[in-house]
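Subject: Structure handover

Hello,

Here is the structure for you to look over. My notes on what turned up follow below it.

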Amino acid sequence: MKVLISADMEGVTGVTCPDDCEPGHPRWEHCRRLLTGDVNAAVAGFAEGGAEEVLVNEAHADMRNLLVDQLDPRATLLIGTHKPLGMMEGIDRSPHLVALVGYHTGAGEPGVLAHTYLPNSITSVRVNGATASEGRMNAMLAAEYGVPVALVTGDDLTCADALTYAPTAVGVAVKTCVDRYSAICLPPAVSARQITEGARSAVDRSHPVPSTSDRYTYEVEFDATHLAALATYVPGVEAVGHRTVRFTLGTMYEAIRCFRAVTRIVGTGIEPVYG
Ligand SMILES: [Zn+2]
């Protein structure tokens with residue numbers, strides 16, 4: 001059995017503020033150890049459950065956060081950008097299951113460090129009418145490759161969100177959201193035990209692959225008009241209001257890559273103070 005772990009950082013044990021996951025910041029240096037701990041806990045559970053291969057794909061910021069010298073030796077680590085499938089690179093290497101570790105809720109939603117791709121400038125993303133966190137989008141992409149999401153870790157609201165797109169996945173809440181930058185956190189020794197147990201039990205469950213669609217319509221709302229205008233530079237992306245754009249593509253592979261292109265272009269137009 002092969003497992004893919006997509007490892008983000010905002011939903012990791014003890015992580016509650018932007019500095020905790022901002023590369024180069026002293027708090028980030030500390031939280032890299034916590035991220036590595038959560039990932040190792042998942043690797044241990046999958047290995048105990050019978051996984052022969054575990055590929056960990058870095059999925060946060062510049063995708064160079066995990067401490068490879070402290071990684072569980074039963075796993076391998078995909079470090080760095082750029083990669084065609086981004087947060088889900090490796091989903092095309094025929095894993096049986098995917099785990100979303102250290103995930104978070106989507107833009108405009110309650111949850112610790114809630115956002116979708118851009119930290120602040122996107123206020124809402126909907127895909128085929130449903131509010132879409134990164135977890136939902138990535139699960140939809142995984143479904144296109146025939147791979148179910150089996151484990152999700154993050155705050156309690158991230159686990160609740162996961163139930164809406166991967167109802168059979170095991171959710172492990174490593175913290176309880178109080179507000180966007182505050183949470184009641186489990187100590188790493190406790191959350192690690194829970195993640196390991198969650199991963200082990202995720203292997204034993206059967207996880208149906210969600211059905212796919214032949215049309216994926218994204219609606220993305222920004223917090224400023226110029227960002228929506230920038231997004232329309234991408235062919236096929238049209239404005240549907242002063243701050244909202246929409247596009248439709250035939251596969252999730254194309255749609256999520258178009259969304260990533262939109263975030264890259266929009267990112268060039270965000271001013272430091274006014275946004
Ligand atoms: Zn992240």
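What is the site of the zinc ion like, given the angles among its four donor atoms? The site is irregular, with angles of 52 to 139 degrees. Four donors count as tetrahedral if all angles lie between 85 and 135 degrees; four count as square planar and six as octahedral if opposite donors are over 155 degrees apart and all others between 65 and 115; anything else is irregular.

Before the rest, the ground rules. This is a predicted model, in which local features need pLDDT of at least 70 and side-chain atom pairs count only at pLDDT 80 or more, while totals for chains, interfaces and linings use all residues. Residues are numbered from 1 along each chain as its sequence is written, and side-chain values use heavy atoms, with hydrogens and water left out.

**Zinc site**

The protein donors are Asp8 (OD), Glu10 (OE), Glu10 (OE) and His60 (ND1), lying 2.0 to 2.7 Å from the zinc ion. Donors here are N, O and S atoms within 2.8 Å of the metal (3.2 Å for Na, K and Ca); water is not among the atoms, so sites may look incomplete. Along the chain the donors follow the spacing D-x1-E-x49-H. Asp8 sits in the loop between strand 1 (2-7) and helix 1 (26-48). His60 sits in the loop between strand 2 (53-58) and strand 3 (75-78), 52 residues apart from Asp8. Helices (H or I, at least four residues) and strands (E, at least two) are DSSP runs, numbered from the N terminus. Asp8 is buried at 2% relative accessibility; His60 is buried at 6%. Buried means under 20% relative accessible area, exposed over 50%, partly exposed in between (1.4 Å probe, protein chains only).

**Aromatic pairs**

The whole structure holds three aromatic pairs. Rings of Phe, Tyr and Trp (its six-membered ring) pair if their centres lie within 6.5 Å; planes under 30 degrees apart count as stacked, over 60 as edge-to-face and the rest as tilted. Tyr218 and Phe247 are stacked, 5.0 Å centre to centre with 10 degrees between the planes. Both are buried. Tyr218 also stacks with Phe259, at 5.2 Å and 25 degrees. Ring pairs link Tyr117, Tyr218, Phe247 and Phe259 into a cluster.

**Core**

The largest nonpolar core has 49 residues; Tyr218 and Val125 are among those touching the most other members. Such a core is a set of buried Ala, Val, Leu, Ile, Met, Phe, Trp, Tyr and Cys residues joined through side-chain atoms within 4.5 Å. Helix 6 gives the most to this core, seven residues.

Best wishes
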